[in-house]
Amino acid sequence: MKILALGAHPDDIEIFMFGAMAAYAAQGAELVFAIATDGAKGGRGEPQSLTRARREEAAVAADLLGATPHFLDFPDGALVADAALIAALKALIGDVKPDLAITHAPNDYHGDHRALSDGVRIAASFTVPVLHADTLGGTGFSPTHYVDISGHFELKAMAIRAHQSQDPERFVDAARTQNAFRAGQCNGPAGSFAEAFRFEPIFPFADIRALLPPAPVIRPVTVSTKTVK
């Protein structure tokens, strides 16, 4: 199976969906990462130097799973779902021929994320189903599917930390909180982690469960055995 992960900025795949990518890699799937913008506004300093540094960081993170990132190099902070973006995404999808595409939710916090989500949806058309990753902080997001990343969270943290230009510990902490909460929604045991996703069925793709890594194990809710006097 071949999975195409698309992030708006050089660290987005790592923050929002790297655990699931690690789960796919453990199953032997082929992973392709695509980054829509050059990341030139994601920090202080000269834009060309920042772009170069962030490209190198993304390559280091992707290499943890044996993936090679594709850089579309649209201007950071100005992404729109116009003809140029859609044409680039169609060309990428046509070249990669993925079984599943994963990208940002259409209501995520950053305009570049929303634009990429819209562009992927349009470009994918009848070609490939599109799965949306959790939003930042889970704001306004209603999951339909979960992926157990308990055995992959430390690798996810390592991937986020590869982006040293981004003060990555803040994102590691945020991901730990959010992924622990998502596991808790599934009644996961203490110390477990999950990433949440949402799939909107669009003809001809009605059910993608067979394309996903394992969800957290369902545990029954038990009644307390303590005696109250």
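Author: Two strands pair if DSSP finds at least two bridges between them, strands being DSSP runs of E with at least two residues and helices runs of H or I with at least four, both numbered from the N terminus. This is a predicted model in which local features need pLDDT of at least 70 and side-chain atom pairs count only at pLDDT 80 or more, whereas totals for chains, interfaces and linings use all residues. Residues are numbered from 1 along each chain as its sequence is written, and side-chain values use heavy atoms, with hydrogens and water left out.

Reader: How do you know that β2 pairs with β3?

Author: Strand β2 (residues 30–37) is joined to β3 by 4 bridges, the two running parallel, and Ile-35 is placed opposite Phe-71 in β3. Pairing asks for at least two bridges, so the 4 bridges between β2 and β3 qualify.

Reader: What makes β3 and β6 edge strands of the sheet?

Author: The open sheet has 7 strands in the order β3-β2-β1-β4-β5-β7-β6, and its pairing is mixed. Because β3 (69–74) and β6 (145–148) each have a single partner strand, one side of each is left without a neighbour in the sheet. On average, neighbouring strands of this sheet are turned by 25° against each other, direction ignored.

Reader: Which strands does helix α2 lie across?

Author: Helix α2 (residues 47–63) lies across β2 and β3, and runs at about 155° to β3, the angle being taken between N-to-C directions on a scale from 0 to 180 degrees, with axes fitted to C-alpha atoms (for helices, over the stretch in contact).

Reader: Why is α3 called oblique to α4?

Author: The axes of α3 (residues 83–96) and α4 (residues 111–124) come within 9 Å and cross at roughly 55°. Under 35 degrees counts as roughly parallel, over 145 as roughly antiparallel, 65 to 115 as roughly perpendicular and the rest as oblique, so α3 is oblique to α4. Their contact (heavy atoms within 4.5 Å) includes Leu-85 and Ile-93 of α3 and Leu-116 and Val-120 of α4. By class it has 10 nonpolar, 1 polar and 1 charged residues, where Ala, Val, Leu, Ile, Met, Phe, Trp, Tyr, Cys and Pro count as nonpolar, Asp, Glu, Lys and Arg as charged, and the others, Gly among them, as polar.
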